[in-house]
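This report covers a few residues of one structure and describes where they sit and what surrounds them.

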Amino acid sequence: MLEFRRIIEFSSRVHTYLLAMYFFFVLVFTLFLYFPIQDNLVSFISISQMVMGWTIFLEGVWILFASVFCSLYTRVVVVKPVVLTIARIVIYFLISIFVDLLNTMITNGFSFGG
């Protein structure tokens, strides 16, 4: 079971790297909202963000289920990967909401009062 806990820790590191790659795609997308570029590149970045987002979410779900399984099987609670995974998923959702709001504000403008 020690090997399984090592796999969970390694998956937690991979999850962190996926979030860092998502930050890169968000930065590129945000810069492309300001500078004029081709539509093909915008669609590629948007698809990449979507794929990275689903990968981050599904990897987080796998880490959570694996940690619960390991905790139930060995009766030793695996806390660190669970807490870090929940924090990374919350950070991912906050960033994606912020980017969506920024994209909506730049493309549609700001309207107060509907």
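Thr-85 belongs to helix H3 of this predicted model. Its relative accessibility is 0%, so Thr-85 counts as buried, the cut-off for that class being under 20%. Apart from neighbours within four places in sequence, the contacts of Thr-85 are His-15, Gly-60, Ile-63 and Leu-64.

Val-82 is also placed in helix H3, which spans residues 80–108. With a relative accessible area of 22%, Val-82 is partly exposed, because the value falls between the limits of 20% and 50%. Leaving out neighbours within four places in sequence, Val-82 is in contact with Leu-64 and Ser-67. Between Val-82 and Thr-104, the C-alpha to C-alpha distance is 33 Å, at a sequence separation of 22 residues.

The phi of Arg-75 is near 60°, a positive value in a residue other than glycine. Most residues other than glycine have a negative phi.

The accessibility values are collected below.

| Residue | Relative accessibility | Class |
|---|---|---|
| Thr-85 | 0% | buried |
| Val-82 | 22% | partly exposed |

Methods
Residues numbered from 1 in each chain as written. Predicted model: local features only at pLDDT ≥ 70, side-chain atom pairs only at ≥ 80, totals over all residues. Heavy atoms only, no water. Helix = DSSP H or I, 4+ residues; strand = E, 2+ residues; numbered from the N terminus. Buried < 20%, exposed > 50% of the residue type's maximum accessible area, 1.4 Å probe, protein only. Contact = heavy atoms within 4.5 Å.
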